[in-house]
Amino acid sequence: MNYETVLQDMIAVAREAGALTLTHFRRFRDLEIGIKGPADFVSDADRESELLIRKYLFERYPDWSFTGEEFDPVEKDSEHRWLVDPIDGTTNFINGMDYTISIALRRGSETVCGVLYNPPADEMFWALKGQGAFLNGERLSVSRRTDVGLFNIGTGLPTPGLQLYPGAYERLDAIRADVGGIRIVGSAANSCAYVAMGRLTGYYEETGFTDTAAGILFVEEAGGIVTDWWGRGPEVYERTGALLVANPAAHAFLLEKFKDVPRKDPK
């Protein structure tokens, strides 16, 4: 399978979806918004973006399965599956802040290609497994920082209706006095990409795997470490969403700080 050709199709459709969503984004004050749950919004732009991406990819790869955020999955090929978040950071989007479009291709249990596009910033991230991660053609590497006082850590704070794991504020309290800064980017996918390029030293949050599959690949290809909050691998964090991505020094620091915070194993 020539995944380089597939990657080019992913980049092309991400740009198309970016152009479409920007037409809505520029009039964010007038958007029609629905509410799926606590702090979980959906706009016409989400649905239109997913439909555009789905149509484009099925025209070129009609036998592959598709999982998106806004519509029911399409079950076809058991080997290849698209994971698509048509707008990651919808709360950002409806308030005129940066958002992203995330597309990942899974082959079995591996993510083989990933693309992430930030339309307002015109930043296109991509990666092929084993071939590195890139931003607008420049190869990425995680931060080399080892001084905890200079760490810039990303996270998110869930509302009670979305929180599945206890201890969100306890985790924040465990690190905020030591690190240089805490940042909420507002897009899980973009947060992972920021770790891959060094804007963030690390990032942790409870989030969906559809949102972060591409971003996780970026971090791995850029030399970062990906686990759950207690050091466990993809067999756990892909199911639970308790994601921790960081450079080696920040990863070790965060694991140490989180080890005594309340833990709930997946069912």
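How many bridges join β10 to β11, and in which sense do the two strands run? I looked this up and found three bridges, with the strands running parallel. Asn152 has Gly181 in β11 as its bridge partner. For the record, helices (H or I, at least four residues) and strands (E, at least two) are DSSP runs, numbered from the N terminus. Two strands pair if DSSP finds at least two bridges between them.

Notes on the source. I am working on a predicted model, where local features need pLDDT of at least 70 and side-chain atom pairs count only at pLDDT 80 or more, while totals for chains, interfaces and linings use all residues. Residues are numbered from 1 along each chain as its sequence is written, and side-chain values use heavy atoms, with hydrogens and water left out.

Entry: the sheet. I traced an open sheet of five strands in the order β11-β10-β12-β14-β13, with mixed pairing. β11 and β13 (225–228) are at the edges with a single partner strand each, so one side of each has no neighbour in the sheet. On average, neighbouring strands are turned by 20° against each other, direction ignored.

I then followed the pairing of β14. β12 and β14 pair antiparallel over five bridges. Glu205 stands opposite Leu243 in β14. β13 and β14 also run antiparallel, joined by four bridges. Ile225 has Ala246 in β14 as its bridge partner.

Entry: burial of β14. Is β14 largely enclosed or left open? Five of its five residues are buried, so β14 is largely enclosed by the rest of the structure. Buried means under 20% relative accessible area, exposed over 50%, and partly exposed in between (1.4 Å probe, protein chains only). In a regular strand the side chains alternate between the two faces of the sheet. I checked both faces of β14: Ala242, Leu244 and Ala246 are buried on one side, Leu243 and Val245 on the other.

Entry: helices on the sheet. I found α5 lying across β12 and β14 (242–246), at about 160° to β12. α6 packs on the sheet too, touching β13 and β14, and its direction makes about 135° with that of β13. Axes are lines fitted to C-alpha atoms, for helices over the stretch in contact, and angles run from 0 to 180 degrees between N-to-C directions. Contact means heavy atoms within 4.5 Å.

Entry: α5 against α6. α5 (residues 188–197) and α6 (residues 209–221) pack at about 0°, with axes 8 Å apart. That makes α5 roughly parallel to α6, a label for angles under 35 degrees. The α5 residues in this contact include Ala188, Cys192 and Val195. Among those they meet in α6 are Asp211, Ile216 and Phe218.

Entry: α4. In α4 (residues 168–176) I noted Ala168, Arg171, Leu172 and Ile175 as buried. Seen down the α4 axis, these residues fall within an arc of 100°, so they line one face of the helix. The arc is that of the directions from the helix axis to the C-beta atoms. What covers them includes β10 (152–154), β11 (181–183), β12 (202–206) and α8 (248–258).

Entry: Ala249. I located Ala249 in helix α8. Ala249 is partly exposed, at 25% relative accessible area. Leaving aside neighbours within four places in sequence, Ala249 contacts Arg145, Thr146 and Phe151.

Definitions and conventions. Angles under 35 degrees count as roughly parallel, over 145 as roughly antiparallel, 65 to 115 as roughly perpendicular and the rest as oblique.
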